[in-house]
Amino acid sequence: MDPSTTLPLTVTLAVLVAAVTHATWNAIAHGIKDQTLAFALIGGGGIIVAIPLIIVAAMPRPDCWPYLLASIVIHVFYNLLLMRCYRVGEFGQVYPLARGTSPLVVTILAAVFVHEHLAWPQIAGVLVVSAGLAILVLAGRRPGRAAFLAAVGTGLTIAAYTTVDGVGVRLSASPVGYIGWLMLLESLCVPMFALLRRRDVLLKQPRRILLSGLAAGALSVLAYGLVLWAQTRGALAPIAALRETSVIFGAIIGTLIFHEPFGRSRIAATVLVVAGIVLLNVG
């Protein structure tokens, strides 16, 4: 189908659920101090969930595999950069910067490579959501140079795989099969490294850490699976902007779990993001 630039209510709700889920698994990842261990467990959880999806879903069409394989490579760099972010920066700094970089870049990439041209209300919605996310970055304590570069690099990889997967999943004729194969293949790298180089550390972890990491991996599959489904039914740019409302949910989690102040800036950012969501759905 040719996705409309106006998102149906079901698509909007699915992406918002994905945003909450995404913020949750990232908060779990940030809470595990050993980032190699964290992402190894997340990869393991992703593999556990991906295998049943591959078994029950139809095989994606051959046309989508170049995009799926390209996405796997991009996701590997994304995970490495995200691990770097959480090593050198605070959750409330790097998470909004990484997520807030991608919506505008996706808008440009979708226009150039997918020939999706949004109506003015949707363009305004993307800009307003991005402005709300920018407030979260600029209002607080500035991230250091290393954290800033890692977060921006992460945001660019997010924009890249969002665009690539938006094309690939539409060609696949099997969104569930696409997400299953994607998550299985891209989740193998860090767990394999951890088993080869950090097995002793992995086996000595408390059960709570192991289960929380695996749960985060399952949540990551759910979050991105919902986004991929949405990309078969809506334009890439507004979905990318909606998805990055996870930053607001991340700010709430940061306040409740990591005891970071919410403050006026986060309230203002929340109001802007809500206004942007309304504009994204004006048709």
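On the surface, Ile-51, Ile-55 and Val-56 together make a nonpolar patch with about 320 Å² of accessible area. Patch members have over 30% relative accessible area and no salt bridge, with nonpolar side chains (Val, Leu, Ile, Met, Phe, Trp, Tyr) joined within 5 Å and like charges within 9 Å. Accessible areas follow the Shrake-Rupley method with a 1.4 Å probe, and for residues only the protein chains shown count as cover. The model is a predicted one, in which local features need pLDDT of at least 70 and side-chain atom pairs count only at pLDDT 80 or more, while totals for chains, interfaces and linings use all residues. Residues are numbered from 1 along each chain as its sequence is written, and side-chain values use heavy atoms, with hydrogens and water left out.

Helix 2 (residues 35-56) contains Ile-51; helices here are DSSP runs (H or I, at least four residues) numbered from the N terminus. Ile-51 counts as partly exposed, at 40% relative accessibility, where buried means under 20%, exposed over 50% and partly exposed in between. Phe-39 also lies in helix 2, but this residue is buried, at 4% relative accessibility. Between the C-alpha atoms of Phe-39 and Arg-87 the distance is 12 Å, across a sequence separation of 48 residues.

A cavity is a set of points on a 1 Å grid over the protein atoms alone where a 1.4 Å probe fits but cannot get out, and its lining residues have an atom within 4 Å of a point. Points are joined across faces, edges and corners, and the volume is the space filled by probe spheres set on them. The largest cavity has a volume of about 230 Å³. Its lining comprises 19 residues, with Trp-25, Asn-79, Met-183, Glu-186 and Ser-220 nearest the centre. At least two lining residues come from each of helix 1 (9-31), helix 2, helix 3 (65-88), helix 7 (175-186), helix 8 (189-197) and helix 10 (207-231). By class, 11 of the lining residues are nonpolar, six polar and two charged.

A salt bridge requires a side-chain nitrogen of Lys or Arg within 4 Å of a carboxyl oxygen of Asp or Glu, and the count is one. The pair is Arg-170 and Glu-116, at 2.8 Å from N to O. Arg-170 belongs to helix 6 (residues 145-172) and Glu-116 to the loop between helix 4 (91-114) and helix 5 (120-139), so the bridge ties together parts 54 residues apart in sequence. Arg-170 is partly exposed, with a relative accessible area of 27%, whereas Glu-116 is buried at 12% relative accessibility.

Conventions: Buried < 20%, exposed > 50% of the residue type's maximum accessible area, 1.4 Å probe, protein only. 1 Å grid on protein atoms, 1.4 Å probe; cavity = no way out; pocket = protein on both sides within 12 Å on 5 of 7 lines; lining within 4 Å. Nonpolar A, V, L, I, M, F, W, Y, C, P; charged D, E, K, R; others polar.
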